[in-house]
Amino acid sequence: IKPSSPCNKCLNVSWDSTPPCTCTINFTLEHSFESNVFMYYGLSNFYQNHRRYVKSRDDSQLNGDNSSLLNPSKECEPYRTNEDKPIAPCGAIANSMFNDTLELYRIDNDTRTPITLIKKGIAWWTDKNVKFRNPTGDGNNLTALFQGTTKPVNWPKPVYMLDSEPDNNGFINEDFIVWMRTAALPTFRKLYRLIERKNNFQPTLQAGKYSLDIAYNYPVHSFDGRKRMILSTISWMGGKNPFLGIAYITVGSICFFLGVVLLFIHHKYGNRNTSADIPN
């Protein structure tokens with residue numbers, strides 16, 4: 001965080017700060033966003049691709065297996081149990097879940113109008129409906145279904161209190177599901193919210209002034225990380241991602257260079273007569 005940033009006061013926040021440190025960042029959109037807008041949070045210098053970190057989870061537990069709920073995999077160590085109770089969800093990935101709260105406002109004549117942020121539909125369908133399931137039992141009371149377990153060490157509340165809506169609570173909470181899909185690179189972004197276009201006559205986000213309210217719960221200073229918020233749209237070609245373009249150009253250039261080298265070698269040495277006349 002830059003010293004001039006309004007969030008600099010939250011630099012040394014801890015995972016369980018009560019109440020959370022709050023800050024507001026003002027910014028301006030130079031151009032209107034016409035179609036649906038995707039709101040991401042981004043982290044840098046966070047190595048979700050570390051081997052031990054990636055393995056630190058129990059997929060059977062996340063799939064709703066009751067035996068794994070109370071007896072998590074040893075891969076989750078040292079976040080397998082706490083105070084002699086099994087942790088649900090266990091593992092380092094779940095324990096480090098991003099938990100900042102972001103709220104977006106449009107500023108018009110010093111009046112702040114909240115932007116509706118949609119929290120459903122941000123996870124992959126297969127993750128939401130196949131890979132992640134809540135435990136089963138009598139009734140749908142998640143508090144009872146998770147009885148005998150405890151929350152991850154760095155979480156302020158248990159998994160069955162992530163959301164007030166039953167179809168977005170527990171292991172099937174979409175913020176949780178998005179976080180559990182680990183990133184391949186240390187600088188990454190993950191989908192946080194959707195902003196849908198209300199009608200065809202007005203852009204989704206008009207050009208102008210906006211403010212972002214942040215409930216700052218997620219510390220990144222200890223690993224020299226940075227956080228950011230990204231607003232993006234997609235076209236018929238998909239979203240903007242320079243990585244693939246750079247990768248294709250790099251690989252294509254290497255192939256072209258190797259092709260020229262091999263063509264030169266073929267023309268220079270390929271037509272030589274390798275047979276030898278052996279006299280009788």
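**Reading the disulfides**

Modeller: In this predicted model, Cys 10 and Cys 21 are both buried.

Biologist: What relative accessible area counts as buried?

Modeller: Buried means under 20%. Cys 7 is at 4% relative accessibility, so the residue counts as buried. Cys 23 is also buried, at 4%. Cys 76 and Cys 90 are both buried too.

Biologist: How many disulfides are there?

Modeller: The cut-off is a pair of cysteine sulfur atoms within 2.5 Å. By that rule the count is three.

Biologist: Which cysteine pairs with Cys 7?

Modeller: Cys 23, with the sulfur atoms 1.9 Å apart. The pair ties together parts 16 residues apart in sequence, because Cys 7 lies in the segment before strand S1 (21-29) and Cys 23 in strand S1.

Biologist: Is that link of Cys 7 and Cys 23 right-handed or left-handed?

Modeller: Right-handed, with 80° about the S-S bond.

Biologist: What is the torsion for Cys 10 and Cys 21?

Modeller: About -70°, so that disulfide is left-handed. Cys 10 sits in the segment before S1 and Cys 21 in strand S1, so this pair joins parts eleven residues apart in sequence.

Biologist: Which cysteine does Cys 76 bond with?

Modeller: Cys 90, at 2.0 Å between the sulfur atoms. Cys 76 is in the loop between helix H3 (66-70) and strand S3 (81-82), and Cys 90 in the loop between strand S4 (85-86) and helix H4 (92-95), so parts 14 residues apart in sequence are tied together.

Biologist: What is the pairing, with the bonded cysteines numbered in sequence order?

Modeller: 1-4, 2-3, 5-6.

Biologist: What is the relative accessible area of Cys 255?

Modeller: 49%, which makes Cys 255 partly exposed.

Note on methods. Residues numbered from 1 in each chain as written. Predicted model: local features only at pLDDT ≥ 70, side-chain atom pairs only at ≥ 80, totals over all residues. Heavy atoms only, no water. Helix = DSSP H or I, 4+ residues; strand = E, 2+ residues; numbered from the N terminus. Buried < 20%, exposed > 50% of the residue type's maximum accessible area, 1.4 Å probe, protein only.
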